[in-house]
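Hi,

Here is the structure for your files.

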Amino acid sequence: SGPNAVLVVQFLGYTPKEVTVGTQTVINVVLASDVKALNEVVVIGYGTQKKSVVTGSISHVGAKDIQDQQVTRVDQALQGRTSGVNVVQSSGSPGSQPAIRIRGITSINNSNPLYVIDGVVVLNGGLDNVNPSDVESIEVLKDASAAIYGSRASSGVVLVTTKKGKSGAPTITYNGYGGVQGPVSKVKLANATQYATLRNQSLTNDGQPAAFANPSQYGTGTNWQDEIFSNSAPIQSHNLSIAGGSDKSTYYVSFGYLNQDGIVLKDVSNYKRYNFTVNTTSKIKPWLTVGENFAYTYINNQGSFNTNSEFGGPLSSSLNLDPITPVLQNNAAIAGTYNQYAIRNAAGVPYGISPYVGNEITNPLAYQQTIQGNYGWSHNMLGNAFVEIEPIKGLKIKTQINGKQAFFGKESFTPLYYLNSNNSNITNQSAYRESNRGLTWNWDNTATYTKTIGLHNFSVLAGTTAQSSSEVDLNGTYNNLPVSTFDQSSFNFALPALNRVAGGGEAQPYRTSSYFGRITYDYDERYLFTGIIRRDGSSRFGSNFLYGTFPGAEVGWVATRESFFPKNTFIDFLKFRASYGSIGNEQALSQAFQYASIVNSGHNYVYGPDGLAIGYSTSNPANPNLHWESVHTTDIGFDAVILQNFNVTFDVYRKLTKGMLEQLPIPGYTGYTNSPYSNVGNLENKGVELELAYKNHIGAFNYNVGGNISYNKNNVTNLGTIAYKDNGSFQGTSYSLQRTAVGQPVGSFYGFNELGTFKSQAEINAYTLNGAMIQPNAKPGDFKWQDINGDGKIDDKDRTYLGSALPTWNYGVNLNADYKGFDVKIFGQGVWGNKLFQAYRRLDLPTANYEIGALNAWSPSNPTSNYPRLTDADPNGNLKNPSNFYLQSGAYFRIKTAQIGYTLPKAFLTKADIKRVRVYLSSNNLVTITGYKGFDPEVGDVNGNGIFGVDRGIYPQSRSFLVGLDITL
């Protein structure tokens with residue numbers, strides 16, 4: 001009340017507006033449509049739909065979310081921002097592709113989502129060639145809505161839409177940042193004195209004499225992690241775009257540049273990416289529109305050395321190499337014993353060679369010199385061109401040709417070197433060059449008819465698409481080059497034919513042909529329905545299943561549009577959704593002719609004194625019934641807007657995978673050397689998702705808070721005649737690390753269960769079954785193993801399921817606030833419910849360095865410890881057995897982005913004809929809260945073989961500190 005009273009006018013679907021009453025008696029108020037809340041358009045595959053009537057479970061990430069994060073890859077922007085989407089970085093190495101799992105692992109073969117970029121279905125490389133600054137939006141199809149992509153969409157679909165121009169004067173935008181990177185944490189290892197002490201302890205426990213008379217003389221020694229990691233690895237990114245157009249034509253042109261050094265051996269680790277994008281649309285006639293989207297990317301990647309492997313590479317060496325060995329061997333007497341090809345620095349001083357730890361474990365600074373100059377490269381051209389006509393109002397007919405042409409390869413030089421007795425090259429300096437070419441194209445033809453009759457709104461889509469993919473490669477090696485460095489090497493040297501070795505190959509062409517349709521209908525935006533059907537044919541299907549049909553149905557009800565729904569309540573919008581669909585996983589058929597009986601050579605026959613008949617035979621029986629894996633997905637959920645500013649999205653889902661591909665064992669007497677593939681396995685994913693967002697303001701202070709949390713339970717329900725499937729070896733032993741079996745999540749950890757250490761001989765004597773000792777050969781300090789099968793002895797039958805690497809919970813939180821030009825952005829994400837297996841110490845090398853926990857190993861002077869006694873022989877398998885001793889919680893919470901910015905006042909910028917200038921300070925991965933003791937709790941599928949959560953020396957993600965600038969003219 002009073003002359004300064006403020007009237008708040010609000011209506012469902014419109015932005016609330018505040019009006020000062022004053023002395024007015026008649027007030028005219030025009031409300032603007034609340035686009036963000038209800039009228040936002042989302043991409044649904046071959047079309048778009050208003051968010052308020054979407055019936056599927058679709059997550060959305062906008063351009064602003066991506067830009068605020070300063071991500072170097074588009075897929076990194078999905079981490080923590082979308083419910084039901086688990087993004088796990090495979091490596092912190094620059095340019096590394098993360099593994100994305102949408103609503104769990106849907107197959108034991110391939111659970112990668114399908115990527116579609118501006119209509120181009122990308123089969124290889126994921127989102128490598130997309131500049132994050134060019135992305136307008138990312139949509140993730142998580143339920144039956146993915147059925148529009150049929151046989152390749154069972155693991156979900158990631159739709160990327162790049163920016164387009166808009167009618168109006170040209171808009172020039174620059175955004176860039178630069179800064180430094182470093183490791184977040186390092187593994188705590190023994191120093192030189194501690195190492196010598198522990199080695200003595202291990203030897204004397206085996207009845208051997210101590211190796212080091214005076215451990216303290218070595219001091220702290222060499223910290224190899226400090227030697228390989230950099231705390232000042234530079235990174236910079238620059239993006240410039242120009243967009244504009246008229247009522248008839250629009251354009252968007254951009255240039256991007258990223259230069260990022262790795263935090264490991266940064267002198268030989270660098271990732272450069274150059275992007276060029278041009279998107280245009282022209283309305284030539286009122287009924288005729290043409291356009292194109294084109295993106296070119298060049299990538300130069302240096303430093304693709306071995307990571308997440310205990311068998312060599314700088315990370316493994318930094319964890320296993322003894323700290324007594326120096327970086328440089330300044331002792332002339334010792335240096336004089338080195339091989340003549342030992343690596344030396346610029347001053348001629350040789351790098352230290354360990355007399356204690358050998359095999360693949362080498363001085364990482366010396367190793368660095370052997371890969372100088374080596375790099376991988378790629379040229380990617382991704383684009384489409386379309387023609388769209390509208391012969392009658394509401395009917396749009398569109399033909400679009402899409403393609404991706406990729407050229408990629410690598411170049412390397414191997415000098416003469418000696419790193420240790422097991423790792424050397426002292427006879428042949430060689431150059432290697434590889435060049436590959438891949439082409440994928442698809443041709444889409446669609447017809448869409450949209451019509452409104454009274455309160456009835458419907459849209460009908462019908463279309464066809466065909467796709468083809470092929471790849472060829474060539475490689476060559478020049479041996480015994482008369483040079484010693486990469487820069488000096490050349491293929492122009494005239495070498496004997498014997499020293500020039502060439503190779504190559506080509507992939508079997510892969511083709512698909514598809515028909516699809518979709519109907520969307522709503523009555524008064526109140527009752528909603530979507531029906532989808534797609535029929536896919538593939539060159540990878542068996543002869544009896546050349547085509548597969550994939551249907552989907554979705555319904556929705558907007559309760560708040562009902563006349564009986566209470567008005568002026570705290571619920572402003574409420575929509576219920578349900579969907580069901582059957583979608584395929586053709587990507588499980590990763591190779592050609594898996595359905596056929598393949599003829600192989602090598603089955604030769606010798607007769608007489610010198611006769612040889614070259615023989616061929618089929619290696620496996622044919623299976624004409626081989627086909628895609630199918631996923632039946634059910635989803636029930638709701639979307640709500642409460643008190644105008646509070647958005648809620650909730651989903652419950654079930655995904656049942658049927659017909660997983662497995663190789664069925666067959667008797668050896670059949671003569672077949674390979675087992676045939678068949679569709680036999682089933683698994684199930686169940687989950688719950690919740691997304692919350694709240695925005696408001698207090699005067700000039702604006703803020704919004706959001707978050708999401710997802711729960712997923714994975715369970716194998718059938719493996720046919722196969723009892724289990726093992727994956728991942730443990731340190732070269734006969735034991736596997738992970739096992740997939742009925743009743744367990746995919747890839748569960750499998751091993752022995754230790755119950756602590758025996759503290760005395762009396763405890764060993766007391767551990768019996770029916771009066772007989774279970775571990776009669778154990779000694780105090782050895783692990784007490786659980787007798788799982790109760791047979792009174794410990795053997796491989798006593799292994800059991802120890803937990804899963806798959807998190808049951810994923811979550812993300814974000815906070816944005818601004819006040820008079822100043823802004824703060826904080827975004828964090830995390831997981832819990834999973835375990836990690838720490839497997840980076842070389843157990844076949846008992847002289848390898850120890851993690852710091854070994855200082856607490858059991859000994860007569862430390863009899864209460866549950867860390868087992870140290871012993872090189874390890875007769876009880878304390879360390880050689882894969883067990884829960886190596887398992888740790890993989891839960892973590894990480895502040896992915898913390899940012900403070902300032903936007904210059906418009907009044908100041910108007911004089912310079914500048915629309916916007918913002919400067920900011922930002923940090924990525926600022927803080928990680930975790931109990932895990934390795935480099936990084938985020939341990940993804942490094943080699944693409946489905947092994948998650950096994951840390952063999954993972955390349956950690958970097959923490960960066962950045963200064964950035966955004967300018968719009």
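A search of the whole structure finds 34 salt bridges (a side-chain nitrogen of Lys or Arg within 4 Å of a carboxyl oxygen of Asp or Glu). This is a predicted model: local features need pLDDT of at least 70, side-chain atom pairs count only at pLDDT 80 or more, and totals for chains, interfaces and linings use all residues. Numbering starts from 1 along each chain as its sequence is written, and side-chain values use heavy atoms, without hydrogens and water.

- Lys164 bridges to Asp118, with the closest N and O atoms 3.5 Å apart. Lys164 is partly exposed at 34% relative accessible area, while Asp118 is buried at 15% (buried is under 20%, exposed over 50%, partly exposed in between; 1.4 Å probe, protein chains only).
- Asp226 pairs with Lys186; their closest N and O atoms are 2.5 Å apart. Asp226 is partly exposed at 41%. Lys186 is partly exposed too, at 30%.
- Asp726 pairs with Arg739 at 2.7 Å between the closest N and O atoms. Asp726 sits in strand β36 and Arg739 in strand β37, 13 residues apart (strands are DSSP E runs of at least two residues, numbered from the N terminus). Arg739 is buried at 5%.

There is also a salt-bridge network, and Arg103, Lys142, Asp635 and Glu689 are among its members.

Now the sheet. Four strands form an open sheet in the order β36-β37-β38-β43, with antiparallel pairing (pairing needs at least two DSSP bridges). β36 and β43 are the edges, each with a single partner strand, so one side of each has no neighbour in the sheet. Gln738 stands opposite Phe749 in β38.

Best wishes
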